[in-house]
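Please keep the sequence and the structure in view while reading.

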Amino acid sequence: MKKFVVETYYTCTFKTVHTLNNLDDTELSKIDQRNDGEVEVIDVKLNNRKTKKIGAKKDDKPFNDNFGKNLSQNITEQVKKTKGELREKPIQSKIKNNARFKMPDRRKGYIQKAQIGDHKVYLHTGEYDDGKIGEIFIDTNKEGELVKAMMNNFAIAISLGLQYGVPLEEYVDAFIDTKFEPSGNVIGNDRILSASSILDYVFRELAISYLGKEELAHTPSIVSTKNVNAVDGDDKFLKIVKNITSKGFVRSNYEEKLVDLSDVRINLKTKN
């Protein structure tokens, strides 16, 4: 009686789809612990199959591999059938449409004007309702049409990346300390005194305003760097201020930007 040992290796490629209410660091850090994702099989491949006959001699004929071929063909057909059923489901188009977090039609933000050397740079930002940055625009003067077009399209590419979930930290790490002209002293920005390029200035400004990276600033913050978000029991008025002000403009220093109107008396007549 002949005995055979068959070793078959398969590689299964699949993806897991999760639905998130908010795309932030807290939700992303917990995504590996969630078990509510939908698993979709993409492909199954037969990598290697080893056949060994126990007690076989050197002149024996190799084992017929029709069984392995039929098995791999059956698995391939099942995978194709499964992929076809998944394509017919409307959830595919729904996930594709919701992959981009579009900006609100009426949004907050700020404009920062600065001068690098002899070149003026205007940085425009747009924010989501929760204060996260979602788009930027970069305008310069004394530049040709080619440079202006490249800067505009670069800003559009960064904005699309932010709206598709690319963290701002990745852009900051990529473009900080890039060197090209114009460069030199920066006039008009209270936190940045010099920049090695326009991109170095832009992402240094965004990192200070939206990420709180004070180590990238050349001057200390004039106001207190107290983290308002860490304070428990924010009063109702402070929450309203957070919702209607630009996080990048006030640089998270909401309390220091408030004007004390405690001595002002206002009489309001309301209907009962």
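## Terms and overall make-up

Helices, with at least four residues, and strands, with at least two, are DSSP runs, numbered from the N terminus. The model is predicted. Nine helices and seven strands are found in the protein.

Of its 272 residues, 28% count as buried. The accessible surface amounts to about 19,400 Å², and carbon and sulfur atoms hold 51% of that area.

## Helix H4

Helix H4 covers residues 145-163.

The buried residues of H4 are Met151, Ala155, Ile158, Ser159, Gly161, Leu162 and Gln163. An α-helix has 3.6 residues a turn, so residues three or four places apart point the same way. The cover over the buried residues of H4 includes strand S5 (133-140), helix H5 (168-175) and helix H6 (198-210). After H4 comes glycine 165, which has a positive phi, near 105 degrees.

## The packing of H5 and H6

Two packed helices are described by the angle between their axes and the distance between the axes. For H5 and H6, the angle is about 145 degrees and the axes are 9 Å apart. The crossing in which H5 passes H6 is left-handed.

Which residues of H5 and H6 meet? From H5 come Leu168, Tyr171, Val172 and Phe175, and from H6 come Leu199, Asp200, Phe203, Leu206, Ala207 and Tyr210. Sorted by class, this contact contains nine nonpolar residues, no polar residues and one charged residue.

## Isoleucine 176

Isoleucine 176 is placed in the loop between H5 and strand S6 (184-187). Is isoleucine 176 buried or exposed? Buried means under 20% relative accessible area. Isoleucine 176 has a relative accessibility of 14%, and therefore counts as buried.

Apart from its neighbours within four places in sequence, isoleucine 176 is in contact with Asp200, Phe203, Arg204 and Leu216. Asp200 and Phe203 also take part in the meeting of H6 with H5. Isoleucine 176 and arginine 204 are 28 residues apart along the chain, and their C-alpha atoms are separated by 6.6 Å.

Key: Residues are numbered from 1 along each chain as its sequence is written. This is a predicted model: local features need pLDDT of at least 70, side-chain atom pairs count only at pLDDT 80 or more; totals for chains, interfaces and linings use all residues. Side-chain values use heavy atoms; hydrogens and water are left out. The expected span of a helix is 1.5 Å times one less than its number of residues. Buried means under 20% relative accessible area, exposed over 50%, partly exposed in between (1.4 Å probe, protein chains only). Contact means heavy atoms within 4.5 Å. Axes are lines fitted to C-alpha atoms, for helices over the stretch in contact, and angles run from 0 to 180 degrees between N-to-C directions. A crossing is left-handed if the near helix is turned anticlockwise from the far one by less than a right angle, and right-handed if clockwise. Ala, Val, Leu, Ile, Met, Phe, Trp, Tyr, Cys and Pro count as nonpolar, Asp, Glu, Lys and Arg as charged, and the others, Gly among them, as polar. Accessible areas come from the Shrake-Rupley method with a 1.4 Å probe; for residues, only the protein chains shown count as cover.
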